[in-house]
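Me: I'm new to reading protein structures, and I'd like a close look at one part. Could you walk me through it slowly?

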Amino acid sequence: MKRFTSPFRKDWTLGPILTAWLDRLEGAFQARAPESIGSIVAGIEPGQVVMLAPDTWEVSAPIKIKRSCTLVGTGLGTKIRASKAFAGAALLEVTAENVVVKDISFDGNSRSIKGVKGTANGLSVVGCKFDDFSTGVEVSGGSGALVSACYFLCKNSGVTVSGTSSSNRISENNIQVSGDDSSTNIGGIVMGNAVSFTSVTGNVSSKKIKFHNTGGAQNFAAPGNLGNHVAGNAAVLAETT
């Protein structure tokens, strides 16, 4: 059988425009470093999907997600890393509702920052890795969050939920925290005293899972008075009533 050379082979001399076009085609139209993720999101229609190539983005300021979208990487191949000059509270600051972050590796680079901070409803963080942060994911006030199937290697907490956040689900994460969980804000998962109707199940955590059910503790069959239910985790539980 005679073989023909593919028109997409790149072993001949090409101009810069055609080379860039072929690179883009091979990447299935994925965003490539050093394109600005924030700028890409700002230019799409709400609800669209942004595919991130297996590249490394090193950023010196937070990536602000201000409209609904899905950010999808390639697992460990897609990395967003804080530079040594990073200034801000979190690598990803999500202020839009219904944002999905999936299959991305985040590197805090020894900065005292958070990986993802969400303040709006409907944040989903799935299948991501968080390495060398103070806190991996912080849900601050927003409700209906999902944090699932992630790996955390952090100093203070893997997941923190604060404010009047409610109706969240934190499940099937592996959380390794180096800090001393005798301190109030340090633990594998830390939930504030106004957080309600949140389910925490199937997690493995090296430190305590801390939560509140003011007025009445949970039991095997039912959540406590705040509606929080923490069960089926490989971790020490610390419930405050």
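How many aromatic pairs does a search of the whole structure find? Please follow them into the part around them.

Reply: Happy to! Keep in mind that this is a predicted model. A search through the whole structure turns up three aromatic pairs. Let's take one of them: Phe106 and Phe130 are stacked, at 5.0 Å centre to centre with 10° between the planes. Phe106 belongs to strand 6 (residues 100-107) and Phe130 to strand 9 (residues 129-140), so their pairing ties together parts that are 24 residues apart in sequence.

Now stay with Phe130, which also forms a stacked pair with Phe152, again 5.0 Å centre to centre and 10° between the planes. Phe152 sits in strand 11 (residues 151-162), so this pair ties together parts that are 22 residues apart in sequence. Phe106 and Phe130 are buried, and Phe152 is buried too.

Next, look at the surroundings. The largest nonpolar core has 50 residues, and Phe106 and Phe130 are, with Ile80, the ones with the most contacts inside it. Leaving aside neighbours within four places in sequence, Ile80 touches residues including Phe106, Trp57 and Val59.

Those last two lead us to strand 2 (residues 56-59), where the side chains alternate. Strand 2 pairs with strand 4 (residues 70-82) in the parallel sense, over four bridges. In strand 4, Arg81 is the bridge partner of Glu58.

Methods
Residues are numbered from 1 along each chain as its sequence is written. This is a predicted model: local features need pLDDT of at least 70, side-chain atom pairs count only at pLDDT 80 or more; totals for chains, interfaces and linings use all residues. Side-chain values use heavy atoms; hydrogens and water are left out. A nonpolar core is a set of buried Ala, Val, Leu, Ile, Met, Phe, Trp, Tyr and Cys residues joined through side-chain atoms within 4.5 Å. Buried means under 20% relative accessible area, exposed over 50%, partly exposed in between (1.4 Å probe, protein chains only). Contact means heavy atoms within 4.5 Å. Two strands pair if DSSP finds at least two bridges between them. Rings of Phe, Tyr and Trp (its six-membered ring) pair if their centres lie within 6.5 Å; planes under 30 degrees apart count as stacked, over 60 as edge-to-face and the rest as tilted.
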